[in-house]
Amino acid sequence: MSTTGGGTDGGGTQFGRLLRELRHSRRLTIEELAESSGISGRAIGDMERGRSLRPHRGTVTALGQGLQLDDAGHAELLAAARAARPGPSPAVPAAASPYALPRGARDFVGRHRELAHLRTVVAPAAANRGAAERATHPLAPPVVVVCGAPGSGKTTLAIRLAEESTSAFPDGAFLLDMQGLDDQPLSAEQAVVRLLDAWGVDDADLAPHSAEECLARYRTITSRLRAVLVLDNAGSEAQIRPLLPREGRLLVVVTSRRTLAGLEGVQRAELGALDDKESVSLLRAVVGAARVDAEPEAARSVTELCGHLPLALRVAANWVATRTNWSLQRLADRLADEDRRLDALSAGDLRVNAAFSLSYSRLDPLAARMFRLLSLVPGRDFGVPLAAVAAGVPLPDAEDQLEELLEAGLLMTSPGDRYRFHDLLRLYAAARHRAEDGTTSAATRSRLRSWLLDTAVVAGRWYEPGFGTPPPDPGRLVALDDRDQALRWIKAEKDNWLSAFREAAENGEHARVTEVAEAMHWFSDNWVSWGNWTEIYRRSAEAAAALGDLALEATHRNYLAWAHWACDHNHAAAVDAATRALGLATDAADVVQEAWAHVYLSWLRSAVDDLASAADHVSLAMELFDRADDINGYLTAANVTIRVLERAGRTREALKTYQEVMDALASPGNRDRISPSVRDVTTLVATHNVAFIHFNRGRWDAAVEALRSIRGQFDARGLYEQAGRVHLMLAHALAHLGKDSEAAAEYRAVLALQDRIPAAVLEEARTSLTAVVAGRPNPPTRFG
């Protein structure tokens, strides 16, 4: 059908002409279309005359329903409306924190008593007191628990309090979903890692440390941070208690359906339903004061039918706000009718399905389908591409449908240009999906799983030698043109692709499981603190075993050995995995995996100071890599060898191995066999290792030369602990040479990393700086 005529004027004129032609083709007057659609006659006239150039998505849907358009006609009207809108807003900056405070409700009303109480709690901490006053009259950091029924507005109130307080807390505001209603809520340890990441502590700096050490770092930072932290959707006291600051000026706001009575020293605000006046105020804020005030009895009926629940009221109000020709009495009648016809969705003793059902029933059919299918997305939130995959529609259509759901109050936004459900609305969407879509769940889940895992493989392989830039693929839907884009996608969609991975494992898709795990192997070093690598490589090792592929199982047992030690610090489990990998690789005659098993065993033996055994293992690894002509593995083993031999006092052999590494890197025959990233990291690690040799042999000039050549490289990679040790060793070497001013500068460089490196390193730098400034340097003669 084409009814647009031949004009090519601005988008608003084109939309208006199409609207008029559609109305005329159905022999409707403006008044009749206003009655059937709920849009005022004046608004329709303005649109037809081109005076309203930005038709709202909800308005277009209401007009389509009033015109009784079929899918094709509705799509054409939407396309004309889309053309009338300005271009998309700029994307959220890549550096935006996923834990930034989301935008609060612009039409926040009510909760005056609760807010007044919470402001008195926050005020002392917000006061700009001097350091001396804080020292003589310390205040415990304020902690607020906002509790109440689902849909009562806990998160909205917490965000409102945070927004009000940000001027007094200049380090920012953050929100972390504790996932308290999930089968696996976020643990305190996981929360610590995520918050430290949000506060600029690099993953590589956290990876070597235990949960207790990470918590100590968290407490050090929170003692100095002037920020607001919202811990949303908490499920238990155990989740929250370790995160509460002991000192400082961090304002913590916790939301929960439970009172969390086991938390001591906190202030509570318990939310019930809104009172009559607050409920009407919320209607006035969303629908408009004039319309609500003109029908006070109908307004009261609407608030009662919504149970005075803020979520239900907002959903119903958003729906009627776009239908300017509908009375509130008509809304009340429809709410009552929907409540009779549809099953109840309960929130405690409140029935809120009426408001949800009304908004849902007036969605465009494609947006309604999108709403239902989004209930199958496994993670907490999602972006436009994943929504497009769920519904099987192009990206622009998915964006339009998400926009309609936002306008109807059936979705919320998340930081990073993402979307999420309120948990009650997710339940409602799932119920509608079961009722209306029949057996489509399996097909949709399969489509989501395939896309998530395909994209995860492509993103992960950016970090794998021999891959890199993926070939163009229109079906990918996301930009993966460089490593940073790949890393951002893997992190943003972590809950979704991990759920898809688990589902593939549980479905017995063994080859798929090992493919994804393999693709993530080289990437995993860039996100050691995530906390899920042990599960991934346990599942992939089990999948390889199920396939009966000894060499493949050896590969993934080696990966599992890395995860047990690097991620969990479980030495016994890591040794067991590496030993099993060695046996499997030997049986399969896989020389490369034998070599890697020896590398991991060397690493693990060295960790417990069994240096003789460590040296034997890594020597075997180098021989095996050389036999297999695997240059990347050989270089890794050689760098391990340098450090092990140096620690064992075999410095001559260590220097010989270092020279072999440098020769291999310089060889023209290896130019195309070693990727740039492997070359850079190998050079950095080898030089760092040889610096230990020079320093511990008293060769101060050679140590300074080596350390200056890598100064700043660990910092640039976010490896701050290693960076601090480079500065510290360089400072000690310069002090031995009598270059006190240069040594002092390096000691100060260590102190500048104060929140990112271990306390022992800081203390050594601080003590050494004091001695140098006093003219009494006494640097150590060994380092390591």
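## Cysteines

The count of disulfides, meaning pairs of cysteine sulfur atoms within 2.5 Å, comes to zero in this structure. For Cys214, the closest cysteine sulfur belongs to Cys567 and lies 12 Å away, which is too far for a bond. Cys214 is buried, because its relative accessible area is 7%; buried means under 20% relative accessible area, exposed over 50%, and partly exposed in between, with a 1.4 Å probe and protein chains only. Cys147 is buried as well, with a value of 2%.

## Basis of the model

The model is predicted: local features need pLDDT of at least 70, side-chain atom pairs count only at pLDDT 80 or more, and totals for chains, interfaces and linings use all residues. Residues are numbered from 1 along each chain as its sequence is written, and side-chain values use heavy atoms, with hydrogens and water left out.

## The chain as a whole

The protein chain has 784 residues, of which 53% count as buried. Its C-alpha trace spans about 95 × 65 × 50 Å along the principal axes. There are 39 helices and nine strands; these are DSSP runs numbered from the N terminus, with helices (H or I) of at least four residues and strands (E) of at least two. Among contacts (heavy atoms within 4.5 Å) with a separation of 6 or more, 68% join residues 24 or more positions apart.

The chain exposes about 33,400 Å², and carbon and sulfur atoms supply 50% of that area. Accessible areas come from the Shrake-Rupley method with a 1.4 Å probe; for residues, only the protein chains shown count as cover. The chain carries 89 positive and 102 negative side chains, and the centres of the two sets are 4 Å apart. Lys and Arg count as positive and Asp and Glu as negative, while His and the chain ends are not counted. Each charge is placed at NZ of Lys, CZ of Arg, CG of Asp or CD of Glu.

## Nonpolar cores

A nonpolar core is a set of buried Ala, Val, Leu, Ile, Met, Phe, Trp, Tyr and Cys residues joined through side-chain atoms within 4.5 Å. The largest one has 146 residues, and those with the most contacts inside it are Leu374, Trp489, Trp497, Trp533 and Tyr537. Helix H37 (residues 720-736) gives the most to this core, contributing ten residues. A second, separate core has 34 residues, including Ala191, Leu206, Tyr218 and Ala234.

Leaving aside residues up to four places away in sequence, Trp497 touches several others, among them Leu452, Trp489, Met520, Trp530 and Trp533.

## Helix H20

Helix H20 covers residues 384-391, and eight of its eight residues are buried. They include Val384, Pro385, Leu386 and Val389. The buried residues of H20 pack against helices H19 (365-374), H21 (395-407), H23 (440-461) and H25 (494-506), and against strand S9 (418-420). Just after H20, Gly392 has a positive phi of about 70°.

## Around helix H33

Gly649 sits in the loop between helix H32 (631-647) and H33. Gly649 counts as exposed, because its relative accessibility is 52%. Gly649 and Ile757 are 108 residues apart along the chain, and their C-alpha atoms are separated by 27 Å.

Ala666 lies in helix H33 (residues 651-666) and is exposed, with a relative accessible area of 57%. From Ala666 to Arg679 the C-alpha distance is 10.0 Å, and the two are 13 residues apart in sequence.
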